[in-house]
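Dear colleague,

I am handing over the structure we spoke about, and my notes on what was found in it follow below.

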Amino acid sequence: MLTSYNLKMPHAVYGGDNAMDNITAILKAGNVKRVAMFTDKGICGAGLFSLPEEAVKAAGAEYYVLDDLPAEPSYMAVQKLVDEFKASGADLIVACGGGSVMDAAKLASVLVTDEYGVKELLDDPGRAKKCVPIILIPTTAGTGAEVTPNAIVAVPEKELKVGIVNENMIADYVILDARMIKNLPRSIAAATGVDALAHCIECFTSNKANPFSDLYALEGLDLILNNIEKACDDPEAMTEKNRMQIAAYYGGLAITASGTTAVHALSYPLGGKYHIAHGVSNAILLAPVMRFNEPACRERLAAAYDRCCHDEVKTCTTEAEKSAWIISRLEQIVKHLNIPVSLKEFGVPESDLDGLVEAGMQVQRLLVNNPRPVTPEDARALYQEVL
Ligand SMILES: NC(=O)c1ccc[n+]([C@@H]2O[C@H](COP(=O)([O-])OP(=O)(O)OC[C@H]3O[C@@H](n4cnc5c(N)ncnc54)[C@H](O)[C@@H]3O)[C@@H](O)[C@H]2O)c1
Ligand SMILES: [Zn+2]
C-alpha cells in the first residue's frame, strides 16, 4: 500500500435527468463565443449529436463541428483534426462520443500552442499545458476517459497503442446523460462495459491501489457486477444504464488515483496491431490475467466478493472460494455478453507470438502495477492461452 496518494478530478460533473442542459449555463457563465464540437460519424448517425448541439445553440454561441475521426485513431489522425481545430480560434471544446472522440478532444485542448504536436507529446507528455477548457459527454459506458488525465492513440510504426498522461488533460466539466447510451448497440455496450469492469477490478488489485482508488473501484465494481447484463440486454433499462455510466465514471477515477495492470498492458498490442476494439481485447485477457494474478491478490478479490456479492445466501466462506467466485463471475459476464474469448476470430497467427510478447512487455507503465510480476515467459503463456 502506498503511503501517499492523491486524486485529481474534473471541476464539475452533472448527471441525472436533463444533465445536458447544464452546457447552456456553463457557456453563458463563461461568456463563451466560439465552440468546437468534437464527435464522430457513428454518434451523428445515431442521432445523438442534436442534444449537445441544441444546448450550445441555446447559449447563443457560434459553433462548428469536427467529426472526421475514425474509432481508436492513430496519432496522425488526431493531429489532422487538431490542425483543423487550431485554425478555428474556438475558446471552448465540447466533445460528445466514446473514448476515441474524448481522447482526441482532450489532446486538442492542450495543443492549441504551436510548441508541440501529438508526436512530441508521445515522446514527452510532460510538455502538455491546458489551452482551452473542455466539456466531455461520454456516449459509451465506458472508458472513463471523461475523467482521466490519459489520452490513448495508436502508433502504427510500433504496432502499439500508447497512453499520453498529463493532468492538464483532465476535463473541466463532464455531462453524464443516460439518453446518450440509451440506444448504444449491444455489442458496443458489452465491450465498453467490460472495459469499465476491467478498470475497476484491475485498479482494486493494482500495486498502486490506495484508499481513494479503492472507494471508486469497489463502488464501480459493485454497480457493474450487478447491472451490466440488464443494461446491455434491455433497451428500456434506463436505471441500469445510468448505473453503468456512473460506474464507468468511477472506473476512470480509480484509474486516475491508481492504475490498471497486466490486462490493459497486454491488451495494447492487440489494439495496435490487429485493431481489436479496446473493450474486446480487455475482455479476452480479463479472466486469464486475473487467474494468473489470483495467488498475489486473493485477499483483495475476497474483499471484492464481500462488498459486491449480494446473493441472499452467500455460499463462499474461505478467501479462496470468494476469489474464485469473482473470477468466475467475470467469465460469466464476458460469455453472457457474447464477447469473443479468444484471438482466433481475429486471425492472429501463432507465428506472431514473439512480436506480441515483445510489444506487451514494453507497456511497463502498467505492468509495474501488476500485483504479480510478469516475465516475458508469463506474457507468452498468457497470450498462448487466448490464441
Ligand atoms: N483516456 C482513457 O482514460 C481511456 C481509457 C480506456 C480506453 N480509452 C480509449 O478509448 C478508445 C475506445 O473508446 P470506446 O470504447 O468508448 O469506443 P469508441 O469511441 O472507439 O467508439 C466505438 C464505436 O462506437 C460508436 N458509438 C459510440 N457511442 C455510441 C452510441 N451511443 N450509439 C451508437 N454508436 C456509438 C462510435 O461511433 C464508434 O464507431 C480506445 O482508443 C481506448 O484506447 C481511453
Ligand atoms: Zn480501458
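Four aromatic pairs are present in the structure, which, please bear in mind, is a predicted model. One of them joins Tyr-216 and Tyr-250 in a tilted arrangement, with 5.4 Å from centre to centre and 55° between the planes. This pair links distant parts of the chain, since Tyr-216 belongs to helix H8 and Tyr-250 to helix H10 (residues 238-257), 34 residues apart.

Ser-206 is found in the loop that runs between helix H7 (186-204) and helix H8 (211-225). Although it sits in a loop, Ser-206 has a relative accessible area of 7% and is therefore buried. When its neighbours within four places in sequence are left aside, Ser-206 is in contact with Ser-258, Gly-259, Thr-261 and Asn-369.

Lys-41, by contrast, is exposed, with a relative accessible area of 52%, and it is part of helix H2 (residues 41-45). Not counting residues up to four places away in sequence, Lys-41 touches Asp-67 and Asp-68. Its C-alpha atom and that of Ala-58, a residue 17 positions away along the chain, are separated by 23 Å.

Turning to the chain as a whole, the protein contains 16 helices and eight strands. Its radius of gyration is 20 Å, close to the 21 Å that the globule rule gives for 387 residues, so the chain is as compact as a globular protein of that length. Along the principal axes, the C-alpha trace spans about 60 × 50 × 45 Å.

Of the 387 residues in the protein chain, 60% are buried. Among contacts with a separation of 6 or more, 77% are between residues 24 or more positions apart. The protein chain exposes about 15,300 Å², of which carbon and sulfur atoms supply 52%. As for charge, there are 35 positive and 50 negative side chains, and the centres of these two sets lie 2 Å apart.

How values were computed:
Residues are numbered from 1 along each chain as its sequence is written. Chains are lettered from A and ligands numbered from 1 in the order in which they are written. This is a predicted model: local features need pLDDT of at least 70, side-chain atom pairs count only at pLDDT 80 or more; totals for chains, interfaces and linings use all residues. Side-chain values use heavy atoms; hydrogens and water are left out. Helices (H or I, at least four residues) and strands (E, at least two) are DSSP runs, numbered from the N terminus. The radius of gyration is taken over C-alpha atoms; the globule rule is 2.2 Å times the number of residues to the power 0.38. Buried means under 20% relative accessible area, exposed over 50%, partly exposed in between (1.4 Å probe, protein chains only). Contact means heavy atoms within 4.5 Å. Accessible areas come from the Shrake-Rupley method with a 1.4 Å probe; for residues, only the protein chains shown count as cover. Lys and Arg count as positive and Asp and Glu as negative; His and the chain ends are not counted. The place of a charge is taken as NZ of Lys, CZ of Arg, CG of Asp or CD of Glu. Rings of Phe, Tyr and Trp (its six-membered ring) pair if their centres lie within 6.5 Å; planes under 30 degrees apart count as stacked, over 60 as edge-to-face and the rest as tilted.
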